[in-house]
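Hello,

Here is the structure I promised to pass on to you. Please have a look at it, and then read on for what turned up.

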Amino acid sequence: MIQDSQYRPLGASGIMVPPLGTGTNRWTQGKDDEAVFQAFHSLMDAGLNFFDSAEVYSMGKSERLLGACLQRDPRPVVIASKFAPYPTRLSRRQFMNALDASLSRLGKQTIDLYYIHFPYTLLSIETLMDLMAQAVAAGKVRAVGVSNFNAKQMRRAATRLARYRIPLAANQVRYNLLHRQPEWNGVLAACRELNVALVAYRPLERGRLRSDTVPGATSGLLSPTGGKGKVASKEEVVQKTLLTIAQQRGKSVNQVALNWLLRRDTRVIPIPGTTNARHAMENADTLKWQLSDDEFTAIDQVSSP
Ligand SMILES: NC(=O)c1ccc[n+]([C@@H]2O[C@H](COP(=O)([O-])OP(=O)(O)OC[C@H]3O[C@@H](n4cnc5c(N)ncnc54)[C@H](OP(=O)(O)O)[C@@H]3O)[C@@H](O)[C@H]2O)c1
């Protein structure tokens, strides 16, 4: 189980979550429901009760399957979902209808963390935050987040929400060892400055940071050049560094990759996506050990932009 000291805050919202969440964008109600139920139960047993969904994931099927999991297992959870601000959605009524539809699919009265999914919209950030504040006032949303926002957009969102005394709780952005842009594009710095959680999506770069996708992982033979006469790409060098550490520690590559993100900054909350109970457990085991200083630095050096 998770130690109390390991929980991380969603900014100043007052909501604490385990250091790893779980992404559900490939959860689709249908033939694999049982596998997902098993993954959900395993995650809950491990204390990983923070789940990330969105109305657009499989056209609502992710939220629906998550709702079915919640019905089967009534233990407390923290649920995040997202509003997609399509250019055709310009009115308050459309926003509220979308939120109500998400709540209905999830079978909940309140969404713990509700994000604006992306900033590319005809509505201003200020208007979107006004709508979010109305959703909070209506008791339908506990905490407000944004996703794929840059530092300037985050500041605008936080400034507008401050009018309502609502903190910006999280910015969900792509962040992993092959994509460290949040460290230099100002987003991580803005999260620190504004006290906002950085929820890291695609922390395994869609599975490219796991043992079975790393060249040489199955044979155990590692070549620094990625093959005879071939210059290794940066990705291969990162993968092989992770694999070397994983093999020395008796861990998996994805555990090493997640461990590094967790150690990089206490505001970071990775949300690896999985549909598989064994993978869920492997990810949960990441929280039972830590990289040494030397290992952290070695990974930092090979993956630095
Ligand atoms: N805000 C946004 O715009 C945005 C965009 C993309 C994603 N997201 C969110 O971020 C979440 C995570 O992103 P993602 O799912 O695209 O990428 P990801 O977490 O980087 O990678 C998911 C892939 O890794 C595999 N995997 C997970 N744990 C594993 C393990 N222990 N061993 C081996 N393979 C493992 C999964 O396969 P299995 O299913 O077989 O385990 C899946 O193929 C999404 O579910 C979604 O909630 C948000």
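The largest pocket has a volume of about 700 Å³. A pocket here is an open set of points on a 1 Å grid over the protein atoms alone, with protein on both sides within 12 Å along at least five of seven lines, and a lining residue has an atom within 4 Å of a point. Points are joined across faces, edges and corners, and the volume is the space filled by probe spheres set on them. Of the 33 residues lining this pocket, Arg 26, Arg 206, Gly 207, Pro 272 and Gly 273 are the closest to its centre. Helix α10 (residues 277-284) supplies the largest share of the lining, 4 residues. Helices (H or I, at least four residues) and strands (E, at least two) are DSSP runs, numbered from the N terminus. Sorted by class, the lining has 6 nonpolar, 17 polar and 10 charged residues; Ala, Val, Leu, Ile, Met, Phe, Trp, Tyr, Cys and Pro count as nonpolar, Asp, Glu, Lys and Arg as charged, and the others, Gly among them, as polar.

Before going further, a word on the source: this is a predicted model, where local features need pLDDT of at least 70 and side-chain atom pairs count only at pLDDT 80 or more, while totals for chains, interfaces and linings use all residues. Residues are numbered from 1 along each chain as its sequence is written, and side-chain values use heavy atoms, with hydrogens and water left out.

The second largest pocket has a volume of about 280 Å³. Its lining counts 14 residues, with Gln 6, Arg 8, Leu 262, Leu 287 and Gln 290 nearest the centre. Here helix α9 (residues 253-264) gives the most, 3 residues. The classes are 4 nonpolar, 6 polar and 4 charged.

There is also 1 cavity of 30 Å³ or more, a cavity being a set of grid points where a 1.4 Å probe fits but cannot get out. About 40 Å³ of space lies inside the largest cavity. Pro 272, Thr 274 and Ala 284 are among the residues that line this cavity, and α10 again has the largest share, with 3 residues. No charged residues are found in the cavity lining, which has 6 nonpolar and 4 polar ones.

Now to the sheet. It is open, with 8 strands paired in parallel in the order β3-β4-β5-β6-β7-β8-β9-β10; two strands pair if DSSP finds at least two bridges between them. β3 (22-23) and β10 (268-270) are at the edges with a single partner strand each, so one side of each has no neighbour in the sheet. Strand β9 (residues 197-201) is joined to β10 by 3 bridges, and Ala 200 stands opposite Pro 270. Strand β5 (residues 78-83) pairs with β6 over 4 bridges, with Ala 80 and Leu 113 as bridge partners. In β6 (residues 111-116), 6 of the 6 residues are buried (under 20% relative accessible area), so this strand is largely enclosed by the rest of the structure.

Finally, take a look at Arg 156, in helix α5 (residues 151-162).

Best wishes

Key: Buried < 20%, exposed > 50% of the residue type's maximum accessible area, 1.4 Å probe, protein only.
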